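Please consult the sequence and the coordinates displayed here.

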Amino acid sequence: MLALIAYASLYPFAIDFTRLVGELQGPWLEKMLRARSAPVDTIANFFFYIPLGFVLMLRAPPASHGFVRVATATTIGLAVSFGLEVVQHATLTRVSSMLDVSLNTLSTGAGALLALGYGRVEHHWSAASW
């Protein structure tokens, strides 16, 4: 799952790490706050991380509280997204944006909530006696 997200985030892999070092010496966070992706990328950013949130919830220990599992999955999505957005500073073809980070984080949280709901419905149906 993470490999697919990295692939989609960094394709076409025109990465120049000297560019990254140069970008990170300037006001990179300010640039990320002002940058905006293309509308199609904005939509993709929202939907692309839903499977990550879903899978992270399914892999979480079921004994922990649902809120903790959702918060953990969402935080992992935030960290992955932010890390990839920082690496995008090394590319000429991608836009590094905090809007993307926030949409990816919301998407991860939505996937985690879907998994939480799925688990509850599955438990309800398995407990029902026919």
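The model is predicted: local features need pLDDT of at least 70 and side-chain atom pairs 80 or more, whereas totals for chains, interfaces and linings use all residues. Residues are numbered from 1 along each chain as its sequence is written, and side-chain values use heavy atoms, with hydrogens and water left out.

I5 lies in helix 1, helices being DSSP runs of H or I with at least four residues, numbered from the N terminus. Between I5 and T18, the C-alpha to C-alpha distance is 23 Å, at a sequence separation of 13 residues.

Y7 also belongs to helix 1.

| Residue | Relative accessibility | Class |
|---|---|---|
| Y7 | 44% | partly exposed |

Together with Y11 and F13, Y7 makes a nonpolar surface patch of about 330 Å² (residues with over 30% relative accessible area and no salt bridge, nonpolar side chains joined within 5 Å). A salt bridge would be a Lys or Arg side-chain nitrogen within 4 Å of an Asp or Glu carboxyl oxygen.

The largest pocket has a volume of about 280 Å³. Of its 16 lining residues, A8, S9, D41, N45 and R94 are the closest to the centre. A pocket is an open set of 1 Å grid points where a 1.4 Å probe fits, with protein on both sides within 12 Å along at least five of seven lines; lining residues have an atom within 4 Å of a point. Helix 4 gives the most to this lining, four residues.

Methods. Points joined across faces, edges and corners; volume = space filled by probe spheres on them. Helix = DSSP H or I, 4+ residues; strand = E, 2+ residues; numbered from the N terminus. Patch = residues over 30% accessible without salt bridge, like charges linked within 9 Å, V, L, I, M, F, W, Y side chains within 5 Å. Areas by Shrake-Rupley, 256 points an atom, 1.4 Å probe, with all protein chains shown as cover. Buried < 20%, exposed > 50% of the residue type's maximum accessible area, 1.4 Å probe, protein only.
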